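Subject: Structure handover

Hello,

Here is the structure I promised to pass on. Please look through it first, then read my notes below.

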Amino acid sequence: MATLAVLNTEGKEVEKIDLSDAIFGVEINETLVHKAVVTYLANNRQGTQSALTRAEVSGGGKKPWRQKGTGHARQGSTRSPQWTGGGVVFAPKPRDYAKKMNKREKQIALFSALTSKVQDEKLIVLDALTMDAPKTSAFAEILDNLKVDNALVVTKDKEDNVVLSARNIPAVATTISGAINVYDILKYETLIMTKDAARAIEEVYA
């Protein structure tokens with residue numbers, strides 16, 4: 001098992017925690033990690049882009065000039081793509097970019113991402129993270145104590161004061177253990193997780 005120090009918000013070690021090797025100590029599968037990131041980004045695309053083809057642009061019913069004898073190149077419609085106001089060649093249309101991964105692939109990718117943070121010593125476990133009131137300066141002080149400026153903060157349950165305190169700090173995001181995903185883990189340099197959140201993840205995938 002991976003044994004990590006548990007820190008308080010002042011950055012001091014208060015105890016040790018053993019994390020399950022089945023989740024935080026697996027063999028990293030880069031292929032599935034890449035697939036998980038691609039799937040996440042694809043599923044977040046709206047796919048609502050649209051432009052008009054020459055068949056959909058209004059006007060252009062009459063031939064601009066006769067076929068021969070004018071000195072101009074032959075033209076069949078003022079709504080051809082080469083004309084100003086004409087239709088778009090191969091115009092983009094609404095489509096669904098969604099991709100799928102099976103449940104086991106998602107789990108392996110998540111475990112691989114968590115393991116990478118442990119191996120890179122970029123996983124910080126806190127004994128607890130609660131705030132009496134939303135205050136950005138107080139949360140920034142906690143990050144300074146932990147010597148972190150780019151992090152994903154994971155709590156077991158939604159802590160409104162923590163979310164409100166962190167949202168104005170650049171390169172910092174918050175989430176709960178049940179919504180953690182591969183993309184966010186890899187996007188941020190450091191993963192800060194409360195002890196309760198780590199145990200909750202282990203319970204879900206036990």
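Helices (H or I, at least four residues) and strands (E, at least two) are DSSP runs, numbered from the N terminus. Residues are numbered from 1 along each chain as its sequence is written, and side-chain values use heavy atoms, with hydrogens and water left out. The model is predicted: local features need pLDDT of at least 70, side-chain atom pairs count only at pLDDT 80 or more, and totals for chains, interfaces and linings use all residues.

**Val14**

Val14 sits in strand 2 (residues 13-19). Its relative accessibility is 44%, so Val14 counts as partly exposed (buried is under 20% relative accessible area, exposed over 50%, partly exposed in between, with a 1.4 Å probe and protein chains only). Setting aside residues up to four places away in sequence, Val14 touches Val6, Leu7, Asn8 and Asp127 (contact means heavy atoms within 4.5 Å). Leu126 is 112 residues from Val14 in sequence, yet their C-alpha atoms are 9.2 Å apart.

**Helix 3**

Helix 3 has 17 residues, and 12 of them are buried, so it is largely enclosed by the rest of the structure. Among the buried ones are Leu110, Phe111, Leu114 and Val118.

At the start of helix 3, a side-chain oxygen of Asn102 comes to within 3.2 Å of the backbone nitrogen of Arg104. After the helix comes Glu121, with a positive phi near 55°.

**Helix 2 against helix 3**

The axes of helix 2 (residues 30-43) and helix 3 (residues 103-119) come within 8 Å and cross at roughly 105°. Axes are lines fitted to C-alpha atoms, for helices over the stretch in contact, and angles run from 0 to 180 degrees between N-to-C directions. That makes the two helices roughly perpendicular (65 to 115 degrees; under 35 is roughly parallel, over 145 roughly antiparallel, the rest oblique). Helix 2 brings Leu32, Val33, Lys35 and Ala36 to the contact, and helix 3 brings Glu105, Ile108, Ala109 and Ser112.

**Asn181**

Asn181 lies in the loop between strand 5 (172-176) and helix 6 (182-187). Asn181 is buried, at 16% relative accessible area. A polar atom of its side chain is 2.9 Å from the backbone nitrogen of Asp184. Beyond its neighbours within four places in sequence, Asn181 contacts Tyr40 and Leu110.

Best wishes

Key. A polar contact is a pair of N or O atoms within 3.5 Å; within protein, one must be able to donate a hydrogen and the other to accept it, and residues adjacent in sequence count only if both atoms are side-chain atoms.
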